[in-house]
Amino acid sequence: MPEPNVVSWTSLMAGYVVAGQAGLALGMYVKMLETSVKPNDFTVSTVVKACSILAELEAGKKIHAHAEVMGYGTDLVVCSSLVCMYGYCNDVNGARSVFDSMDHRNIVTWTSMIAAYAQNGRGSEALEVFRLFNSMVRVRANDFMLASVISACSSLGKLVAGRASHGAVIRGGHEVNDVVTSTLVDMYGKSGCFDYSWKIFKRIPNPSVVEYTSIIVGASKYGLGKLSIELFEEMVERGVNPNDVTFVGVLHGCSHSGLVDEGLGFLNSMLEKHGVEPEAKHYTCVVDMYCRVGRLDEAHKLAKSIHVENPAEGALLWGTLLSASRLHGRVDIAQEASRRLIESNQQVAGAYVTLSNACASTGEWEIAHGLRSQMKQAGVVKDPGCSWVEIRDSTFVFHAGDLSFERGEDVLRLLRELEGRMKERGYAGGSLGLVFFEVEQEAKEEIVSLHSERLALAFALIVIPKGITIRVMKNLRMCKDCHEAFKAISGIVERDFIVRDVNRFHHFRDGSCSCGDFW
């Protein structure tokens, strides 16, 4: 073509984007700017989409500036593309800035904004935008928006909002959408309702790898290792190829159920049978698997043999080994794991705390105090542990030792009453899960009894009517002492509790836990 027009240029760019060659689309845009042909709004939105695919934030910002200069700064199509681009590039504030500047928004704009929040761990803001959408727009949410909203509910453990979103899915006829159903399976699993996850999954006629992976991960989080293996085998028999996340799920299930030989078999079959290259995250699952059955030397040997380029993945690997070495009193391994974490500037506070705990558990109080001093000198502060419960549509957050919340005195009174009743049954708590200081037994009992999960449980026992399962979420691993206390309390008050900690779910009933004390 001797003189391509704007339609020709834009069509070619769009073709490259659809063909998965977004880089060439960007190159064509640069060439187009060297001609006399002026881009239109569709040209700009197409090249912005290319930046989204490539996660090219800097290029996206330049095109955004160019769009403003050309007068497309308020164009609906261009702005919708920009919101999506900033979200994909993890610049949520940039996405919100464009979103707020728009006089008119379409369903794509709203969906992109909600997805940007949900994908970047800002679930509360995603739900707030969804509420705004429902109050301002008469159009029904589409499947992409609902999937993002349900994903936000998953990350927050908001069962009430998740159920409301499920209702919107049913009303809109989106139950056949793969992405929506997989997020529902994931949401109910992460909210302590694995039975619902299972019911939804069983209704899917031909589950995809996404849906199989969601249910396998959910089963693993509940310690249902054998079920996760059965699901994996069923998936393969039906001709659905597992991906890298599927293997993380099944390895996690083997780890939390003590199925070491089965887990090693899956690791060895990844590349040979399924063409999936094992990565650091898979080896980390195996390290965790060894640790949970007390085979720390094998775990240590494997950890040292793994080459990890990503600092975050390295932190997960050595953090796993550090936590296990503390529980098993292996200060030698804990020291190396802590050193690696501190040197890589990853999980520094946790490394100091866990190593100090390991030293304290073996009676090396002088070293433990020294580590505490090093933390102070280096200005390292550990993020506080917290737990939360959802009651109706409100979330109540609790921090260890903090009784400043409403009904704090009632909570303290109930905890003391329960402590007395537990001791009558032979419970000797208060000596586990402590950090840093050698204190008298009575003081230990007081500190542990005010851990955040116990405050959350006592509050829920007061507020939530009997007969309703209490669900507690926690941002750290549940300590052994609280685990024993929850078992005892479930038998005393004759109620079910479900606790989601950073590792898995615990379902307490009649004085026992679904994990079988293996977590």
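# Helix packing in a predicted model

Trainee: At what angle do helix H10 (residues 159-172) and helix H11 (residues 178-190) pack?
Mentor: Helices here are DSSP runs of H or I with at least four residues, strands are E runs of at least two, and both are numbered from the N terminus. Axes are lines fitted to C-alpha atoms, for helices over the stretch in contact, with angles from 0 to 180 degrees between N-to-C directions. The axes of H10 and H11 are 11 Å apart, and the angle is about 155°.

Trainee: What kind of model is this, before we go on?
Mentor: Residues are numbered from 1 along each chain as its sequence is written, and side-chain values use heavy atoms, leaving out hydrogens and water. Local features need pLDDT of at least 70, side-chain atom pairs count only at pLDDT 80 or more, and totals for chains, interfaces and linings use all residues, since the model is predicted.

Trainee: How are H10 and H11 oriented to each other, roughly?
Mentor: Angles under 35 degrees count as roughly parallel, over 145 as roughly antiparallel, 65 to 115 as roughly perpendicular and the rest as oblique. The H10 and H11 angle is about 155°. The pair is therefore roughly antiparallel.

Trainee: Is the crossing of H10 and H11 left-handed or right-handed?
Mentor: The near helix turned anticlockwise from the far one by less than a right angle gives a left-handed crossing, and clockwise a right-handed one. For H10 and H11, it's left-handed.

Trainee: Which residues of H11 make the contact with H10?
Mentor: Contact means heavy atoms within 4.5 Å. From H10 come Leu 159, Gly 162, Arg 163, His 166 and Val 169; from H11 come Val 180, Leu 184, Met 187 and Tyr 188.

Trainee: How many residues of the contact of H18 with H19 are nonpolar?
Mentor: H18 (residues 296-305) and H19 (residues 311-327) have axes that come within 11 Å and cross at roughly 160°, so they are roughly antiparallel. The contact joins Leu 296, Ala 299, His 300, Ala 303 and Lys 304 of H18 to Leu 317, Trp 318, Leu 321, Ala 324 and Ser 325 of H19. Ala, Val, Leu, Ile, Met, Phe, Trp, Tyr, Cys and Pro count as nonpolar, Asp, Glu, Lys and Arg as charged, and the others, Gly among them, as polar. Two of the contact residues are polar, one is charged, and the nonpolar ones number seven.

Trainee: And how does H23 sit relative to H25?
Mentor: H23 (residues 408-424) and H25 (residues 452-463) have axes 9 Å apart, at an angle of about 100°. That makes the two roughly perpendicular.

Trainee: How many charged residues does the contact of H23 with H25 have?
Mentor: Asp 410 and Glu 419 are among the H23 residues there, and Arg 454 is one of those in H25. By class there are nine nonpolar residues, no polar ones, and the charged count is three.

Trainee: Is Cys 254 buried or exposed?
Mentor: Cys 254 lies in helix H15 (residues 244-255) and touches residues including Ile 229, Phe 266 and Met 289. Buried means under 20% relative accessible area, exposed over 50%, partly exposed in between (1.4 Å probe, protein chains only). With a relative accessible area of 0%, Cys 254 is therefore buried.

Trainee: How much of the protein chain counts as buried?
Mentor: The chain comes to 26 helices and six strands. Of its 519 residues, the buried share is 51%.

How values were computed
Lists of a residue's contacts leave out its neighbours within four places in sequence.
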